Amino acid sequence: MLSDKQIVENFHVDKIIKNYPRSGQKRVLLIQHHKYGKVILKIVEGDSERVRREIAIVTENHFGNVPQILEMDSYDCNDEKGIYIFEEFIEGDTLTNILKKSKLEISDALDLANNMLSVMVEMEEKRIVHRDIKPDNIIKKKNEEWYLIDFGIARVLDMNSLTLTEARIGPHTPGYGAPELFQYSKKDIDNRADLFSLGVVLFEAVTGSHPFLKGDELNRNEIWYNTITVIPQSVVIDGDKDMLLMGLIQTFMQKHISRRPKSVKQAMQWFQSVKEEIIKGGI
Ligand SMILES: Nc1ncnc2c1ncn2[C@@H]1O[C@H](COP(=O)(O)OP(=O)(O)O)[C@@H](O)[C@H]1O
Ligand SMILES: [Mg+2]
């Protein structure tokens with residue numbers, strides 16, 4: 001792993017502003033770059049096919065509400081090889097941090113759903129599944145829209161799986177991943193897996209509590225067991241007296257793919273009519 005000093009020397013960094021917690025072979029830093037200004041630098045050790053795909057997915061598509069990649073290349077310094085990315089810095093808070101303070105008002109939740117669904121509609125058209133939609137990977141840009149980040153385990157549906165382990169277990173974050181990611185059967189996975197995760201995120205955002213995590217789970221297996229068995233109770237939320245939004249969230253979270261909306265596009269149309277009704281009712 002490169003030291004902070006080596007990073008400053010090798011990547012045109014004027015200053016390291018912040019180090020985000022490391023995960024695996026990936027480092028994420030907020031830096032002051034001599035040309036780009038304040039940007040995110042992601043450094044991934046090793047020559048990983050998966051990282052190249054993540055980068056390709058974002059650079060080859062111009063998704064709205066996804067940070068832009070400004071520069072990417074491989075590096076080879078101090079006996080370490082890998083790939084680096086300079087990425088647009090979305091100044092704001094992650095949904096995780098926002099929810100630590102309080103749950104979302106319905107108007108914020110509607111914006112969140114709208115922004116996420118619009119990225120997901122674009123992804124569906126390109127046959128890309130994100131597979132890791134969760135509060136850590138969603139940022140609210142200051143006084144602006146919500147952004148989806150971290151395409152680290154995204155997958156283009158028409159491509160072959162990368163590794164056997166991945167094919168067997170399926171990468172995911174317990175608590176947000178859809179049942180079919182765990183009970184991995186490649187043919188069952190499509191953009192409705194992301195709809196499930198979005199349903200969990202929205203449920204957590206509007207109720208303030210996670211539908212499958214109660215805090216006393218001991219391990220991933222227990223969380224998976226909850227994901228597959230627990231039926232979240234509908235909760236009346238302010239501004240949604242007819243439970244239109246709650247009803248929609250519930251269908252996103254259906255355990256069986258066949259009971260969710262048949263596509264993200266259809267989910268978006270349904271969402272738009274729910275949103276209109278809620279706004280008509282006055283919020
Ligand atoms: N473009 C960005 N703008 C602002 N913050 C970011 C950006 N990319 C990543 N982060 C922050 O860094 C954290 C880790 O980055 P992420 O790409 O999600 O990597 P990981 O694979 O470690 O989850 C995020 O949860 C977020 O807080
Ligand atoms: Mg992440």
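This is a predicted model: local features need pLDDT of at least 70, side-chain atom pairs count only at pLDDT 80 or more; totals for chains, interfaces and linings use all residues.
**Ligand 1 and its surroundings**

An oxygen atom of ligand 1 lies 3.1 Å from an N or O atom in the side chain of Asn 137.

- Glu 87 takes part through its side chain: one of its N or O atoms is 2.8 Å from a nitrogen atom of ligand 1.
- Asp 136 takes part through its backbone, where a polar atom is 2.9 Å from an oxygen atom of ligand 1.

**The shell around the ligand**

- There are 17 residues around ligand 1, and those that come nearest are Ser 23, Lys 42, Glu 87, Glu 88 and Asp 150.
- Sorted by class, this shell holds 8 nonpolar, 3 polar and 6 charged residues.

**Salt bridges**

- Turning to charged pairs, the count comes to 12 salt bridges.
- One of them joins the side chains of Lys 5 and Glu 9, with an N to O distance of 3.5 Å.
- Both residues belong to helix H1 (residues 4–10), and because they are 4 residues apart there, about one helical turn separates Glu 9 from Lys 5.

Key
Residues are numbered from 1 along each chain as its sequence is written. Chains are lettered from A and ligands numbered from 1 in the order in which they are written. Side-chain values use heavy atoms; hydrogens and water are left out. A residue is near a molecule or strand if one of its heavy atoms lies within 4 Å of it. A polar contact is a pair of N or O atoms within 3.5 Å; within protein, one must be able to donate a hydrogen and the other to accept it, and residues adjacent in sequence count only if both atoms are side-chain atoms. Ala, Val, Leu, Ile, Met, Phe, Trp, Tyr, Cys and Pro count as nonpolar, Asp, Glu, Lys and Arg as charged, and the others, Gly among them, as polar. A salt bridge is a side-chain nitrogen of Lys or Arg within 4 Å of a carboxyl oxygen of Asp or Glu. Helices (H or I, at least four residues) and strands (E, at least two) are DSSP runs, numbered from the N terminus.
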